[in-house]
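Here's a short tour of a protein model, one stop at a time. Keep the picture open while you read.

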Amino acid sequence: MAVKDTINNAFSCWMGDGPESDVVISSRVRVARNLVNLPFPHLLTSGKGEEVIKLVERAIEKESLKEKIGFLELIRLGELVPLERKILVEKHLISPDILKDYQRAAVVLRSDEIISLMVNEEDHLRIQCFLPGLQLHEARKLVDCLDGELEKTLPYAFDEKLGYLTTCPTNVGTGMRASLMVHLPGLVMVNQIKDMVTNVTKLGLTVRGLYGEGTEAYGNLFQLSNQVTLGKSEEDIITNLIFITRQIINQERIARQALFKERREQLEDRVGRAYGILKHAHVISSAEALRLLSDLRLGIVMQIIKNIPACLVMELILHTRPVFLVKITGKEMSSFIRDVYRAKLVREKLSQAEKI
Amino acid sequence: MMCERCEQRLANVFVTEIINDHKRSLHLCEQCAREIQLESHGFVPQLNLPVFFASLLGNEINLPSAEQPLADGDNKCENCGLTEKQFLKNGLLGCGACYEYFHARLEPVLRRVHGTTQHKGKVPGINKTYLKKIRKVEDLKTKLQEAVRNEDFEQATQLRDTIKELERKPEPEGG
């Protein structure tokens, strides 16, 4: 079963290399769709919820869809154990919100995890595409294609004035959320990150740290996404997001170059120390691992460290999350034991990568 | 008291979380409290957006507050049965038809949040031709106003005729 492979493997295709991947980790486009004449998921009884799942199941069986998109597998979340559901959340294939009512929810996956679909989250359908690097237009095209195939069988709730009707009125219109995961250690180091966040927010984007609370972003990973969904075309929303992100990419590269030129020893020392600790530590907390892996990734893309691929860093970031550690060891652990396993895993993965 | 999570260190942080009206209290050590924060996923919004939106809906200046429904009695969507009170409490609509039933509540807030209430993006295949026509007419009307403002009456006449023709045409022939 493909979904089981997904759960057993910390690596996803979106962690690979893509355009501008020294800064942009991945691109994601998600659209919300609802079926006409059926209550939205939060009002569905479990019987009606199953009705929606069955309709989707039938829709993905269509030959024309299989030709264009490929084989999609549907799994009811109730059939998975809690740990497996949490892993799908960590891999960004389902949202944490869907776990509140997982009994009436399902997930649809293509085996490469680039295309996925949530059934009965906040909306009946959330179609999602994930690609490595800066590839938002490409991601949208894929979502568009699947959306086009689904609408042949599934009648959507649509209003000529308001567009696609969504459960939460803040998503109405295109129902689209486009987002980019970016790695900004340079801007953090030169203390420009707060200004960046303020400016970008003024331009209609949302910024948040991927891990951590408030303004603190462990691992220097940020997510940029559009705020407005109504009154602009999908194309315009994405073009705007890319336009602003390009400026951020430039700023980040300038910061990295400046650090390399003016504080080369400190930078190399920082990267080297991170690499050294990750390679030899025996106890490492989640926060420390994220911080050091961020330094390591910076060192790799700046070619200070040459024998480790950048995509291994993202894989390790995911692999060292508590749920994955529980999955690997097969048991719940105290935080100290988890820190021991985390360090062991990182040591092993890094020494494997060096041998290749 | 020992930390309820690691059972190894002394608890010195008291955490209360409320999720969907369920209250949970924990005595934690500082390290576990920090880790719990780390473990909560990045995608959880810091402030529940629909509920925040609902608070906007209930506070629209020109409309009665959340405690007084717009219509007498139990104002609700006839399609799914969602009441105005429910909507104003959690900010979520119940079905596509709700958008019509709660139009008066939604309109001003949508305008405020998105700056407009006219969708300009993708349209499902079945609605396509009809909508294209509507959008074209709207587009032409704006141009017409502009032409009148510029006293370009020749173009204005032309535009007016095109609009009339488009509006007179019956529903387009399929596809």
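This is a predicted model: local features need pLDDT of at least 70, side-chain atom pairs count only at pLDDT 80 or more; totals for chains, interfaces and linings use all residues.

Helix H12 (residues 322-329) of chain A packs against helix H13 (residues 335-355) of chain A at an angle of about 80°, and their axes are 10 Å apart. How do H12(A) and H13(A) run relative to each other? An angle from 65 to 115 degrees counts as roughly perpendicular, and therefore H12(A) and H13(A) are roughly perpendicular to each other.

Who does the touching? From H12(A) come Pro322(A), Leu325(A) and Thr329(A), and they meet Arg338(A), Tyr341(A) and Arg342(A) of H13(A). Sorted by class, the residues of this contact of H12(A) with H13(A) are 3 nonpolar, 1 polar and 2 charged.

## Two domains in chain A

Now zoom out a bit. Chain A is split into domain 1 (3-254) and domain 2 (264-355). The C-alpha centres of these two domains of chain A are 27 Å apart.

Where they meet, 19 residues of domain 1 of chain A are in contact with 21 residues of domain 2 of chain A. On the domain 1 side, the biggest giver is helix H4 (residues 82-90) of chain A, which puts in 4 residues. That side of domain 1 of chain A has 9 nonpolar, 5 polar and 5 charged residues.

## A helix in each chain

Have a look at helix H8 (residues 234-262) of chain A. With 29 residues, H8(A) reaches 42 Å from its first C-alpha to its last, close to the 42 Å expected at 1.5 Å a residue. Its buried residues are Glu234(A), Ile237(A), Ile238(A), Leu241(A), Thr245(A), Ile248(A), Glu252(A), Ala255(A) and Arg256(A). What covers the buried residues of H8(A)? The cover includes helix H5 (136-151), strand S8 (176-183) and strand S10 (221-226) of chain A, along with H6, H7 and S9 of that chain.

H7(B) is hardly covered, though: the count of buried residues among its 16 residues is 1.

## Where the chains touch

The contact takes 46 residues from chain A and 41 residues from chain B. On the chain A side, strand S6 (158-159), strand S9 (205-209) and helix H10 (286-301) each supply at least two residues. By class, the chain A side that touches chain B comes out as 21 nonpolar, 17 polar and 8 charged residues.

Asn120(A) has a positive phi of about 60°, although it is not a glycine. You'll find Asn120(A) in the loop between strand S4 (115-119) and strand S5 (125-132) of chain A. Is Asn120(A) buried or exposed? Asn120(A) counts as buried because it has 28 C-beta neighbours inside 10 Å.

Asn191(A) also has a positive phi of about 60° and is not a glycine. Its place is the loop between helix H6 (185-189) and helix H7 (193-202) of chain A. With 9 C-beta neighbours inside 10 Å, Asn191(A) counts as exposed. Last up is Asp5(A), in helix H1 (residues 2-8) of chain A. Asp5(A) has 11 other C-beta atoms within 10 Å, so Asp5(A) is exposed. Asp5(A) and Ser116(A) are 111 residues apart in sequence and 15 Å apart in space, C-alpha to C-alpha.

Conventions
Residues are numbered from 1 along each chain as its sequence is written. Chains are lettered from A and ligands numbered from 1 in the order in which they are written. A residue is buried if 20 or more other C-beta atoms lie within 10 Å of its own, exposed if 12 or fewer, and partly exposed in between; C-beta atoms are placed from the backbone. Axes are lines fitted to C-alpha atoms, for helices over the stretch in contact, and angles run from 0 to 180 degrees between N-to-C directions. Angles under 35 degrees count as roughly parallel, over 145 as roughly antiparallel, 65 to 115 as roughly perpendicular and the rest as oblique. Two residues are in contact if their C-beta atoms, placed from the backbone, lie within 7 Å. Ala, Val, Leu, Ile, Met, Phe, Trp, Tyr, Cys and Pro count as nonpolar, Asp, Glu, Lys and Arg as charged, and the others, Gly among them, as polar. Domain bounds come from an automatic or database domain assignment. The expected span of a helix is 1.5 Å times one less than its number of residues.
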